[in-house]
Amino acid sequence: MKDVRSRSSATGFTSSDAAVSDAKAASRRVLRGTLGASLLRGGPIIALLLLSAYLSFASPYFLTANNLVNVARQVSINVILAVGQTMVIISGGIDLSVGALLALSASFGAVAMTYWGLNMWVGIVLALLVGTTAGLVNGVIITRGKIPDFIATLGMLSTARGVALILTGGLPVPSHLTATTLKAYLPARLIWIGSGDVLGVPVPALVALIIAVIGWAITTRTVLGRSAYAIGGNREAARVSGINIEVTKICIYGIMGAMAAVAGLVLTGRLNSANALMAEGAELQSIAAVVIGGTNLFGGEGTIVGTVIGAVIMGILANGLNLLNVSAFWQRVVMGMVIVSVVVFDQWRRRAFETY
């Protein structure tokens, strides 16, 4: 002890100085962690506000009621898909088949309501069953077949599009010929779901809001949601703690399929028809909304609220580029740069703040 005191005196430091230094270091670590968490939670909201503020000055049409209603209607489909995609990504997976499942479910529903003459509700149930079943198949292939999520859902993407093409013959449903000769139309109530409004609020936006609330409840209030976070955060730790990884992932992919079917029915009502090639690229749009909303692409972290904000940012950005007369070619470039920038920022934030 005497030697320690003598060395401390020789270097000019005492034990109290060391304690103060440790306390300052701990304080800096807490500050960095708090700042990192704040950037994660508040980043999408700040980006949304800044983007809206810029567009409100850049275009006199941006803040008009008609334009905002159009934005709400346009982002609804992506919100519905992105909510399901959030659950998949939180669990450490990814689903590249959501656009194809949307088209397959919508095609089945439209064929049932027109060519087969079934009641609208029967057609809706059939579409939901098709989407959910295809999602469950994704989950089974991934968990039981030990196939990477990327490969399994990529295979489902091609398969679902192919089945939809076989079912519809590659034509819109109902086609112009069917409508004029057989008098087979989609039910007016389904068209209202895709194109109607309630007190000025588009029905698709209300459907998207309901889906978002359901997704929020699943991820924050159920064992399934907590299990998804645990699997995405540390798969081996989740397994050791008793979580049934296979059942959890199969259920999550089943929910994703059901949400793709809901999006397909809403889009069918909006377009007044369904076809096997609708919603091409929707999988990438949903993944982009999830990432922009702050969800960790490697799983274990993310929120439904952030995803909804991410989808709205994408919708407003696309709308703003249209209002500013930016060509469709450059819009693709801008959207790609935004997505890459968000991912780079997210990775920088995690390295800079979470390692302390």
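The legends below describe close-up views of a predicted model. Residues are numbered from 1 along each chain as its sequence is written, and side-chain values use heavy atoms, with hydrogens and water left out. Because the model is predicted, local features need pLDDT of at least 70 and side-chain atom pairs count only at pLDDT 80 or more, whereas totals for chains, interfaces and linings use all residues.

View 1. About 950 Å³ of space lies in the largest pocket, a pocket being an open set of points on a 1 Å grid over the protein atoms alone, where a 1.4 Å probe fits, with protein on both sides within 12 Å along at least five of seven lines; the volume is the space filled by probe spheres set on the points. The lining comprises 26 residues, of which Gly281, Gln285, Met314, Ala318 and Met335 are the closest to the centre of the pocket, lining residues being those with an atom within 4 Å of a point. At least two lining residues come from each of α3 (65–90), α12 (245–271), α13 (282–292), α14 (304–323) and α15 (328–353), helices being DSSP runs (H or I, at least four residues) numbered from the N terminus. By residue class the lining divides into 14 nonpolar, nine polar and three charged residues, with Gly counted among the polar ones.

**View 2. The largest nonpolar core, around Val83.** This core has 76 residues, and those with the most contacts inside it are Ile80, Leu81, Val83 and Leu102; a nonpolar core is a set of buried Ala, Val, Leu, Ile, Met, Phe, Trp, Tyr and Cys residues joined through side-chain atoms within 4.5 Å. Its largest share, twelve residues, is supplied by α3. Leaving aside residues up to four places away in sequence, Val83 touches Ile211, Ala212, Gly215, Met259, Ile304 and Thr307, contact meaning heavy atoms within 4.5 Å.

**View 3. The salt-bridge network at Glu246.** Arg144, Lys146 and Glu246 are linked in a network of salt bridges, each defined by a side-chain nitrogen of Lys or Arg within 4 Å of a carboxyl oxygen of Asp or Glu. Glu246 meets Arg144 at 2.6 Å, N to O, and this pair links helix α12 with helix α5 (residues 120–144), 102 residues apart. Glu246 also meets Lys146 at 3.8 Å, N to O; because Lys146 lies in the loop between α5 and α6 (149–168), the pair ties together parts that are 100 residues apart in sequence. Glu246 is partly exposed at 25% relative accessible area, whereas Arg144 is exposed at 55% (buried is under 20%, exposed over 50%, partly exposed in between, with a 1.4 Å probe and protein chains only).
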